[in-house]
Amino acid sequence: MELLSTWLARQGPLDPRAAVRWVIRAARTLEALHLQGKVHGSLCPDAWQISGDDAAQPGALVRPPHRAEFSSPERLRTHRPSPADDTWALALTLYVALTLYHPFEDADETEVPARIRTGPVPPLVAFGLHDEGLQLILDRALEREVLQRTIAVEPLRRALDQWLAEDAPLPPLDGLEDLLSLGADLPGF
């Protein structure tokens with residue numbers, strides 16, 4: 001297995017169906033993590049170990065150092081990870097896996113928060129992907145206004161399940177046990 005970031009740098013963007021299948025598997029792992037009162041807090045392409053573009057192969061979530069450009073707008077204010085922050089980062093990782101473009105990355109790290117709060121995420125069509133359904137899912141998950149955004153992993157996963165339209169449910173990724181011991185606690189747990 002190799003990190004998703006390494007695979008993308010070597011092979012290029014994932015096919016949309018393969019990217020969505022990997023994200024669904026990661027979402028199932030995150031749902032279980034959130035049910036245990038934990039958050040990942042560091043989702044990005046460096047947090048996924050994959051076995052290529054076939055999401056039926058082994059894969060795992062790991063916890064690398066946090067990357068500011070994958071923070072939700074709320075995390076920028078509170079500096080605390082949350083399920084909503086994990087959902088934002090999951091959607092942003094899907095976007096990067098599809099496009100190879102990091103919309104909030106900046107050489108000057110002090111500019112990252114401003115880019116997240118104000119910078120637009122180019123539509124998929126700018127990268128040659130013409131899929132209105134997938135674009136709508138990403139638009140909802142990367143909406144800056146929290147009251148208009150998909151803020152939980154389960155609704156994001158269900159939307160991606162519907163987009164994928166496969167009969168057999170995809171299993172979660174490995175790594176839940178490690179994440180439970182390393183993940184940040186949710187407030188109140």
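Is Asp161 buried, exposed or partly exposed? Asp161 is partly exposed, because its relative accessible area is 24%, which falls between the 20% limit for buried and the 50% limit for exposed. The model is predicted. The points below cover its salt bridges, its sheet, its cavity and a surface patch.

**Salt bridges**

- The structure contains 10 salt bridges.
- One of them joins the side chains of Arg157 and Asp161, at 2.7 Å from N to O.
- Arg157 and Asp161 are 4 residues apart in helix α7, so about one helical turn separates them.
- Arg157 is buried, with a relative accessible area of 9%, whereas Asp161 is partly exposed at 24%.
- Arg157 and Asp161 also belong to a network of salt bridges that includes Arg28 and Glu31.
- Another salt bridge connects Arg149 and Glu74, whose closest N and O atoms are 2.7 Å apart.
- This pair links distant parts of the chain: Arg149 sits in the loop between α6 and α7, and Glu74 sits in helix α3 (residues 73-78), 75 residues apart.
- Both Arg149 and Glu74 are buried.
- Arg67 and Glu69 form a salt bridge through their side chains, at 2.8 Å from N to O.
- Arg67 and Glu69 are both buried.

**Cavity**

- There is 1 cavity of 30 Å³ or more in the structure.
- The largest cavity holds about 40 Å³ of space.
- Its lining consists of Gly41, Ser42, Leu43, His66, Arg67, Phe70, Arg75, Asp85, Asp86 and Ala89.
- Helix α4 (residues 83-99) contributes the most to this lining, with 3 residues.

**Sheet**

- An open sheet is built from 3 strands in the order β1-β3-β4, with antiparallel pairing.
- β1 (2-3) and β4 (60-61) are the edge strands, each with a single partner, so one side of each has no neighbour in the sheet.
- Strand β3 (residues 48-50) runs antiparallel to β4 and is joined to β4 by 2 bridges.
- Trp48 lies opposite Leu61 of β4.

**Surface patch**

- A nonpolar patch on the surface is formed by Val146, Leu147 and Ile151, which together have about 300 Å² of accessible area.
- Ile151 is located in the loop between α6 (132-141) and α7 (153-164).
- Ile151 is partly exposed, because its relative accessible area is 40%, a value between the limits of 20% and 50%.
- The loop between α6 and α7 holds both Ile151 and Arg149.

Methods: Residues numbered from 1 in each chain as written. Predicted model: local features only at pLDDT ≥ 70, side-chain atom pairs only at ≥ 80, totals over all residues. Heavy atoms only, no water. Pairing = 2+ DSSP bridges. Patch = residues over 30% accessible without salt bridge, like charges linked within 9 Å, V, L, I, M, F, W, Y side chains within 5 Å. Areas by Shrake-Rupley, 256 points an atom, 1.4 Å probe, with all protein chains shown as cover. Salt bridge = Lys/Arg side-chain N within 4 Å of Asp/Glu carboxyl O. Buried < 20%, exposed > 50% of the residue type's maximum accessible area, 1.4 Å probe, protein only. 1 Å grid on protein atoms, 1.4 Å probe; cavity = no way out; pocket = protein on both sides within 12 Å on 5 of 7 lines; lining within 4 Å. Points joined across faces, edges and corners; volume = space filled by probe spheres on them.
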